[in-house]
Amino acid sequence: MKKMLSYLCFLLVFLPNFALFPSNVVYAKSDAKMVIIIDDFGSWDQSGVETMLSIDAPLTCAVMPCVDNTEKNVEDIKKANKEVILHMPMEAFVRLPLNWYGEFFIGNYDSKDAVFQKLDRALESVKGATGFNIHIGSGVCQNREVVGYIYDYAKAHSLTFVDSRTHINTVCEQVAAEKGLPYFGRDEFLEPEGNKSYEGVKSHLLNAAKIAKEKGVSIAIGHVGSHGGENTARAIKDTIGEIRKMGVEIVPLSSLK
Ligand SMILES: [Zn+2]
């Protein structure tokens, strides 16, 4: 009984300080965080761009370097108060039409100098990027050496690199661990295998929110332009409320640092 009473006293004295009335916090913030990255900004196909930028959430917008609308979209994104990252083209493990990559890309067998020069050039056109992820890249992400150069560059420039996981055999997680760097990998594509239906995007978003609840953090990737566009933007706009109700906070990529 005595023990019980002293436990109750402890609760009454300490709980209000730590749990019931935490200092400086009006509403308790959720522990579950979700990053929504939108790829393919900058491209000639601008479908979904306007709707995407009107969404009231801190989306992370990945812009392709040195293409038709790179500079314009970087400005639009900043005006909309959203985060800019670089959507860096990298080579596939199969031969693809060159124009799918944009102006240039990191090749499967590039040297360290070549990787550094290409990232320098890309970041000059995507001003203010806080990090970068992968456009295509199913070959590069399997090459330990090239992935190593990419992490070296990210570290040297304090940029967050996201492994878009465009191939199941990606080695990025292993290489990051070997270098003692944090690993950020895509958990969910919003339009996998070209399925860009409104309902499909919604269900992948909610799945990413569930992963955030389980793991603490999740990263979802969707698209503007031909791989997503208006459907993806509308589905995100309509699902944000539900995600927040689940207790998941949408955060920009840089907040994971
Ligand atoms: Zn892309």
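Visitor: Among the contacts in the protein chain with a separation of 6 or more, what percentage do residues 24 or more positions apart account for?

Guide: The model is predicted, with local features needing pLDDT of at least 70 and side-chain atom pairs counting only at pLDDT 80 or more, while totals for chains, interfaces and linings use all residues. Residues are numbered from 1 along each chain as its sequence is written. Two residues are in contact if their C-beta atoms, placed from the backbone, lie within 7 Å. On that criterion, the share held by residues 24 or more positions apart is 75%.

Visitor: How are α4 and α5 oriented to each other?

Guide: Helices are DSSP runs of H or I with at least four residues, numbered from the N terminus. Axes are lines fitted to C-alpha atoms over the stretch in contact, and angles run from 0 to 180 degrees between N-to-C directions. Helix α4 (residues 112–125) and helix α5 (residues 144–156) pack at about 45°, their axes being 9 Å apart. Angles under 35 degrees count as roughly parallel, over 145 as roughly antiparallel, 65 to 115 as roughly perpendicular and the rest as oblique, and therefore α4 and α5 are oblique.

Visitor: Which residues of α5 make the contact with α4?

Guide: On the α4 side, the contact is made by Lys112, Val115, Phe116 and Leu119. Its partners on α5 are Val146, Tyr149, Ile150 and Tyr153.

Visitor: What is the orientation of α7 to α8?

Guide: Helix α7 (residues 198–215) packs with helix α8 (residues 230–245) at an angle of about 40°, and their axes are 9 Å apart. The orientation of α7 to α8 is therefore oblique.

Terms used: Helix = DSSP H or I, 4+ residues; strand = E, 2+ residues; numbered from the N terminus.
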